[in-house]
Amino acid sequence: MAAIAKSFIVLLNKAIPLRRFFSVAALGLTVLLSSGLTLAESESGAEQLRQFVRNSKTAEGDFVQQQLRAPKANEPQDKGLKVVRQTQGRFVFQRPGRFIWDTQKPYEQKLIADGKQLILWDKDLNQATFRPAGQALAATPAAILFGETSLDQHFDLVEGEDRLGMKWVALAPKKNPNAKNSNDLPYTKISVGMANGLPKALELIDGLGSVVLVTLDKIQLNVNLPANRFTFIPPAGAEVLRLN
């Protein structure tokens, strides 16, 4: 939630202005929405997350995504993290490998996975960027959605504190001895906030202390989706970039 592999982010940044913030949280969050069950509050956060991943096949709902930073030296230090960017929209997913992360405000942008490729559609730029959705996602939180194996195969789940009415779970990627880079994720901490068997928030922190916080609302589980729900055809006249 990731959420995209660093190579994908780098390539997209070459084609899309930096003002278009579309963080790994998009994938990191979307993949964390790969399944669900309503559980008693007595269940641990980790067990709620495992049950959620195991039992839901589809879902849709609303999201708000914020990029936060610590106050600068010349700013008040008693007001906590400052929101420097906020987007909101709708998400929908279907296991395995299909999702739409539809940013609606303050600009319109969609990230779509149809099971074979990742598509970033920017309405203002009238531009669609296509990239194969292969093993590049395996080391990210996206593995929760794109992989058909258990959550514990890719991550160690560590119980965190209870805060904001949620039981928080840290996701620590398991080390791959065959990987060239043992720390392929751009985030030093990935946490999921669970409540009543549903993921209600995703928190990503990088090495510089920047925070991406995604909150979820109006989640509907195991909804019926049409076969063409994840099909995207660029409109006539749109610029199309295909990255290998």
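1. A definition to begin with: a charge counts as sitting over a ring if NZ of Lys or CZ of Arg is within 6 Å of the ring centre and within 35 degrees of the ring normal. Arg 163 meets this, its charged end sitting over the ring of Trp 168 at 4.1 Å from the centre. Arg 242 likewise lies over the face of Phe 130, 4.4 Å from the ring centre.

2. A word on the source. This is a predicted model, in which local features need pLDDT of at least 70 and side-chain atom pairs count only at pLDDT 80 or more, while totals for chains, interfaces and linings use all residues. Residues are numbered from 1 along each chain as its sequence is written, and side-chain values use heavy atoms, with hydrogens and water left out.

3. Now the sheet. Strands here are DSSP runs (E, at least two residues), numbered from the N terminus, and two of them pair if DSSP finds at least two bridges between them. An open sheet of 12 strands runs in the order β7-β8-β9-β10-β11-β1-β2-β3-β4-β5-β6-β12, with mixed pairing. At its edges are β7 (155-163) and β12 (239-242), each pairing on one side only. From one strand to the next the twist averages 20°, with axes taken as lines fitted to C-alpha atoms and angles running from 0 to 180 degrees between N-to-C directions.

4. Inside the sheet, β1 (residues 58-69) and β2 (residues 82-94) are antiparallel partners over 12 bridges. Thr 58 stands opposite Gln 94 in β2.

5. Which residues make up the aromatic cluster? They are Phe 63, Phe 91 and Trp 101. Rings of Phe, Tyr and Trp (its six-membered ring) pair if their centres lie within 6.5 Å; planes under 30 degrees apart count as stacked, over 60 as edge-to-face and the rest as tilted. Phe 63 and Trp 101 are stacked, 3.8 Å centre to centre with 20° between the planes. Phe 63 lies in β1 and Trp 101 in β3 (residues 98-105), so this pair ties together parts 38 residues apart in sequence. For Phe 91 and Trp 101, the centres are 6.4 Å apart and the planes at 20°, so that pair is stacked too.

6. Finally, the cores, meaning sets of buried Ala, Val, Leu, Ile, Met, Phe, Trp, Tyr and Cys residues joined through side-chain atoms within 4.5 Å. The largest has 31 residues, and Phe 91 and Trp 101 are among those with the most contacts inside it. A second, separate core of 12 residues includes Phe 130 and Val 92.

Terms used. Helices (H or I, at least four residues) and strands (E, at least two) are DSSP runs, numbered from the N terminus. Buried means under 20% relative accessible area, exposed over 50%, partly exposed in between (1.4 Å probe, protein chains only).
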